[in-house]
Amino acid sequence: MVHLNRVHLEDKRAYWAMVMPAFALYLLVMAFPIILSIMLSVSNYSGGKMFGGEKWGFAGFSAYARVFTDPWFWNALKNNLYIVLISVFGQLPLGFIFAYFIYSKIVRAPSFWQGVLYVPNIISVIVVGLLWQVIFSPHGPIAEIVNSIHASSFQGQLKAIFDGAGGFSLSDDVIKKILHLAGPSGQAMFSDPVPELRDLLASYNGQPISEIYTALSNLFVQKWSPAFLTKTDIAMLPVLFVILWMYTGMYLILFLANMQKIDAQIIESARIDGANEGQVMRYIILPALSGTIVNSAILAISGSLSSFALIFAMTGGGPSRVTEILSIYMYNNAFLGRPNFPLANAISLIMVLISVVLIVLTKAVEKRYGGKEE
């Protein structure tokens, strides 16, 4: 009996000797920052005496009250919810559909499409953000393509005017048609449009007609700019598009890997019995992947609320903070201007609580509709 007790005691010592280093590391890396963040959020900490701040003391929940009365918090929360929605109801369905197309070999060269759709996930987030920032800029490829289309259209209509006049002409009829084509903004360039435009065209006389078309299009065609994307109600659209483009491939891989675990004989038997593709997906694949779908939704929610690098690189929360999200809102309060550490830590804890609430709701939906973990 004594020998058994001694063996049991030695087993317990060995257990704790192996567990304690990892447990201590966990407390140091995970638990301590969480506890410190909670303490800072209810304190008046402003850097301590070393940085000329007040003595650290308890300040109650004033930081939380300030967060909930700040309109920029609600703006950041709204933007984060947009990201959650595009992640859960955009990335997941698209990832599932693409995975099903590849799994069922509905598309040709499935390995090629699998690689193409996953490539954005292996590119640096900062690189992706800067890349799309250039694409959506006023001098980026989108603006250049649109301006080229507008210029070509204008030159085509200009050519029709001169062709109708039998070639290059300075007649009043041709001048008035060109002014009508230029529109109010083009006409506003002149104090007396008809004679002034005639004089301008006369200065081009003798030059190749293509150069005249180019010169007039440069003068009259209004340059398109994506400046409309700075409007409050649509400024998040480019960000949401990039998020959808970048992370859909990750869920494609998750769904495809789990689809490949399904017994192919079950699907083949269903098809022999007359089941079409929609019925196979609804009654076999979706139930088999219910746990994967829930886990993916949890990943999407937590990732959406903690997203920072992509949007920081792409917009920095601008213009005028209209694309700011909670993590950038927290960063700005913690590190820019006069740091407000209690407020920043309060924001971080609110982000955690929101994430927990959304994940609990997801698990409740799973339980309600019979999902199960794989």
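Let me start with Ser-217, which, leaving aside its neighbours within four places in sequence, is in contact with Ala-151, Phe-154 and Gln-155. Please keep in mind throughout that what we are looking at is a predicted model. With Gln-155 there is also a polar contact, made side chain to side chain at 3.1 Å. Ser-217 itself is found in helix α9, which covers residues 209–220, and because its relative accessible area is 3%, under the 20% cut-off, we call this serine buried.

The largest pocket has a volume of about 690 Å³, and among the 23 residues that line it, Val-88, Ile-293, Val-294, Ala-297 and Val-365 lie nearest its centre. Two or more lining residues come from each of the helices α3 (71–103), α13 (290–306) and α16 (341–368), with α3 giving the largest share, namely 9 residues. Sorted by class, the lining of this largest pocket comprises 19 nonpolar residues, 3 polar ones and 1 that is charged.

And what is the volume of the second largest pocket? For that one the value is about 280 Å³, and its lining is made up of 18 residues, with Phe-136, Leu-229, Thr-230, Thr-315 and Pro-319 lying nearest the centre. Here the elements that give two or more residues to the lining are α5 (125–135) and α10 (237–259). As for the classes in the second largest pocket, its lining has 11 nonpolar and 7 polar residues, and no charged residues.

Note on methods. Residues numbered from 1 in each chain as written. Predicted model: local features only at pLDDT ≥ 70, side-chain atom pairs only at ≥ 80, totals over all residues. Heavy atoms only, no water. Helix = DSSP H or I, 4+ residues; strand = E, 2+ residues; numbered from the N terminus. Buried < 20%, exposed > 50% of the residue type's maximum accessible area, 1.4 Å probe, protein only. Polar contact = N/O pair within 3.5 Å; in protein donor to acceptor, adjacent residues only side chain to side chain. Contact = heavy atoms within 4.5 Å. 1 Å grid on protein atoms, 1.4 Å probe; cavity = no way out; pocket = protein on both sides within 12 Å on 5 of 7 lines; lining within 4 Å. Points joined across faces, edges and corners; volume = space filled by probe spheres on them. Nonpolar A, V, L, I, M, F, W, Y, C, P; charged D, E, K, R; others polar.
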